[in-house]
Amino acid sequence: MDHNPNSSKAGRKSGEKNRRNQMKALYSKLNSLVPHQPPMEMVSLADQLEGAENYIKKLQQNLEEMKQKKNCLMELYSSNSSSKISINSNPGEPIKIPNIEIHVTGSALDVVLITGPDCQFMFTEIIRILHQEGAEVVNASYSVTDRSMIHTIHSKIGECALEYEAGRISERLRKFVYGVN
C-alpha cells in the first residue's frame, strides 16, 4: 500500500478550497436575499450575517403582528352578535368592537380604544399615529375583560392651533380604527 503524503495533502487542500467556495456562494446567495442599502465600504461577512439575522427577526415580528391583525379582523367580521360588548356605564347599550373615543381638553388628548383580545396591533398603531402627528404620549395603560381590551392613552398636543391639530389627529385615528376613507 503506497501512501503519498503529498497527494493526501493536495486532496485536503482541494477539499478545503471547495468547501470555502461553496460557503462563499451560500453567503452570497443569503446576502442577495436580504434587502440592504448600497454600502459605502465593504461590509464584513460577520456584519452581513448579522444583517441577515436582524432582517429575519424583523420579518418574524411583522408576521406575528399580521397574524394578530388577521385574527382580530376575522373575529370582527365572522361573528355578528359576539362582536358586541357591554360597557359598565351603559350596560344595556352594546358597543361594536373596535371602538374609539377621543376627548380633547386644552392641550390634553385622551384616547380610549376598545378592541378584541387579539387586536394588540391597533394599540401600537394608535401610538405610532400619535407620534407621527407630533403628540407626546404621557401615559398609556390597558385593562382586560373577558372578551375585550380597553386601552387608555393620555397624550399632549402642541399649544398652537389646538383645535385644528386635535381635529386632524382625531380624524386620522377614526379612519384607522373604523377603516373609513
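Is Asn99 buried or exposed? Asn99 is buried, because its relative accessible area is 13%, and buried here means under 20% relative accessible area, exposed over 50%, and partly exposed in between, with a 1.4 Å probe and protein chains only.

Two sentences on where this comes from. This is a predicted model, in which local features need pLDDT of at least 70 and side-chain atom pairs count only at pLDDT 80 or more, while totals for chains, interfaces and linings use all residues. Residues are numbered from 1 along each chain as its sequence is written, and side-chain values use heavy atoms, with hydrogens and water left out.

Now the overall layout. The chain has 4 helices and 6 strands; helices (H or I, at least four residues) and strands (E, at least two) are DSSP runs, numbered from the N terminus. Reading from the N terminus, the order is α-α-β-β-β-β-α-β-β-α. Of the 181 residues, 24% count as buried. A contact means heavy atoms within 4.5 Å. Among contacts between residues at least 6 apart in sequence, 53% join residues at least 24 apart.

Back to Asn99, which lies in strand β3. Setting aside neighbours within four places in sequence, Asn99 is in contact with Val112, Leu113, Ile114, Val177 and Tyr178. With Tyr178 there is also a side-chain to side-chain polar contact of 2.7 Å. By polar contact I mean a pair of N or O atoms within 3.5 Å; within protein, one must be able to donate a hydrogen and the other to accept it, and residues adjacent in sequence count only if both atoms are side-chain atoms.

Where is Tyr178 found? Tyr178 sits in helix α4. Along the sequence, Tyr178 and Asn99 are 79 residues apart, and their C-alpha atoms are 7.9 Å apart in space. Tyr178 counts as partly exposed because its relative accessible area is 38%. Beyond four places in sequence, Tyr178 touches Pro98, Asn99 and Ile100. The Tyr178 side chain also reaches the backbone nitrogen of Ile100, at 3.1 Å.

Pro98 is in the loop between β2 (90–96) and β3. Its relative accessibility is 10%, so Pro98 counts as buried.

From Ile150 to Asn99 the C-alpha separation is 9.5 Å, for residues 51 apart along the chain. Ile150 is partly exposed, because its relative accessible area is 23%. Not counting residues up to four places away in sequence, Ile150 touches Val112, Leu113, Ile114, Ser141, Tyr142 and Ser143.

Next, Thr115, which belongs to strand β4 (residues 108–115). Thr115 counts as buried because its relative accessibility is 0%. Its side chain makes a polar contact of 3.5 Å with the side chain of His151. Outside four places in sequence, the contacts of Thr115 are Ile97, Pro98, Met122, Arg147, Ser148, Met149 and His151.

On to the nonpolar core, meaning a set of buried Ala, Val, Leu, Ile, Met, Phe, Trp, Tyr and Cys residues joined through side-chain atoms within 4.5 Å. How many residues has the largest nonpolar core? The largest one has 20 residues, and those with the most contacts inside it are Ile100, Leu109, Val111, Ile126, Leu130, Ile153 and Leu173. At least two residues of this core come from each of β3 (99–105), β4, α3 (120–132) and α4 (162–178). Helix α3 gives the most, with 7 residues. As for Leu109, its contacts beyond four places in sequence include Ile102, Leu130, Ile153, Ala166 and Ile169.

Last, the cavities. A cavity is a set of points on a 1 Å grid over the protein atoms alone where a 1.4 Å probe fits but cannot get out, and lining residues have an atom within 4 Å of a point. Grid points are joined across faces, edges and corners, and a volume is the space filled by probe spheres set on the points. There are 2 cavities of 30 Å³ or more.

Note on methods. 1 Å grid on protein atoms, 1.4 Å probe; cavity = no way out; pocket = protein on both sides within 12 Å on 5 of 7 lines; lining within 4 Å.
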